[in-house]
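Trainee: Could you walk me through this one? I'd like to begin with the ligand and then look at the backbone.

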Amino acid sequence: MTVATPLTTFTPSSNVAELRASATIAVSVRADELRAAGREILDLGAGQPDFDTPAFIRQAAATAIENGATRYTATAGILPLRAAIAARASALTGGRWSYTPTQVVVSAGSKQALFNACFTLFGPGDEVLVPVPGWTSYVEIVRLARATAVGVTGDMSADLKMDPDRLLAAATPHTRGIIVNSPTNPTGAVYSEEELRDILRLAADRGWWVLSDEIYRHIAYDRPALSSLQVAEDPSRLIVLDGVAKSYAMTGWRIGWSLAPEAVSRAMSALQSHVTHNAASVSQHATLAAVEREDESSAEIARMVAEFRTRRDAALEILRDVPGLHVIQPEGAFYLYMHVRPFTGDVEDPGTEVARRLLDEQGVAVVPGIAFGTPDWIRISYSSPLPQVVEGVRRVAALLGALRAAA
Ligand code: PLP
């Protein structure tokens, strides 16, 4: 019997020729490899809460399995879940407008919801304004839609947040949309009501689609992070993307959703019907419990946010002692973004250099800022247990201190 020759190279289609694998996932894969080779690695790379999914949500999933919720569902998701999401969204608007279940599409994570939105709304020749630094998948997903992502970076004094002036400077007659993300990955910055309103107003004036990624909205420390639903004056081109992965500790359940004008939702649903058909049925039932049983969810989220806050404060205290280090003070999410260029001298990609040395010399995995479009920075995630965060951040501080001493 002959053995098939393993294929080592091939010519990818133009659909994916320029696609880069997720850099954040790549860091975790590398950390796992090193662990498998016997090294002890502190993983401050992954954007994944270490908590277990709350027990009442797990129980709802078990009950759903026992009750036979194991078949295909409607493409856009089970009706009670869409109704619960629509009701919650309507409440957020403060009664200014209301959503119906037909405007909700439940997907395999908010990542798929974002893909659905970009693929449905943008195409060749279109430009989409994306935050830089911003989540690594924005650029790639816009590119998969064959549109062009145009990065917009804010000032360091504004925690790198976008603002209308910078958006206008980046806009062209081809601009069709904008992605907004608050709280922001990778900086943890939160847009104030005024900042968000100014951006939404500009977008509405220009007729741009707004894709508001609110996956970290419940993880906010000093003041509530606002939804675009609370701030927008005109919802006609607003798409809200949300899900349960981060705030409910449900990354592996893969449930996210979009809220959009009905015609857009219909088109996204048609797209999804040919890609995944529906998000996992059992996960939808678990999510229904998470969304419907708001009191229990709020208590669980408050407990997790309090723990994130403890970790954030412990990490910031250690980093405060590193002379010359600028760290964005995170008001939400579970990331710390720090400017490492002053520590490396004149290298092309300071974040990658520091991340490499941290992994090799200190056994700490972090994500280089180039993954988010800003090579002078690194991102640390404090979604691991406190002792791990404290030890990892101490090692980061030690390396930066040594680099400074050597400079
Ligand atoms: N949006 C942002 C800003 C993220 O950081 C992530 C995950 O890292 C996602 C969306 C995707 O989340 P989900 O697990 O719901 O697909």
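Mentor: A definition comes first: a polar contact is a pair of N or O atoms within 3.5 Å, and within protein one must be able to donate a hydrogen and the other to accept it, while residues adjacent in sequence count only if both atoms are side-chain atoms. This is a predicted model, in which local features need pLDDT of at least 70 and side-chain atom pairs count only at pLDDT 80 or more, whereas totals for chains, interfaces and linings use all residues. Residues are numbered from 1 along each chain as its sequence is written, and side-chain values use heavy atoms, with hydrogens and water left out.

Trainee: OK, what does the side chain of Asp213 reach on the ligand?

Mentor: An N or O atom in the Asp213 side chain is 2.6 Å from a nitrogen atom of the ligand. A polar side-chain atom of Asn185 lies 2.7 Å from a ligand oxygen atom, and a backbone N or O atom of Lys111 is 3.0 Å from an oxygen atom of the ligand.

Trainee: And how many residues surround the ligand?

Mentor: There are 13, with Ser110, Asn185, Asp213, Tyr216 and Arg254 the closest, counting a residue as near if one of its heavy atoms lies within 4 Å. By class, the shell has five nonpolar, four polar and four charged residues; here Ala, Val, Leu, Ile, Met, Phe, Trp, Tyr, Cys and Pro count as nonpolar, Asp, Glu, Lys and Arg as charged, and the others, Gly among them, as polar.

Trainee: Which helix gives the largest share of that shell?

Mentor: Helix H4, residues 109–121, supplies three residues; helices (H or I, at least four residues) and strands (E, at least two) are DSSP runs numbered from the N terminus.

Trainee: Switching to the backbone, where are the cis peptide bonds?

Mentor: One runs from Val132 to Pro133, with omega near 5°, and Pro133 is in the loop between strand E3 (127–131) and helix H5 (136–144). Another joins Asn185 and Pro186, with omega about 20°, and Pro186 is placed in the loop between strand E5 (175–181) and helix H7 (193–206).

Trainee: What about phi of Arg146?

Mentor: Arg146 has a positive phi, near 65°, although the residue is not glycine, and Arg146 lies in the loop between H5 and strand E4 (148–152). Most residues other than glycine have a negative phi, and most peptide bonds are trans.
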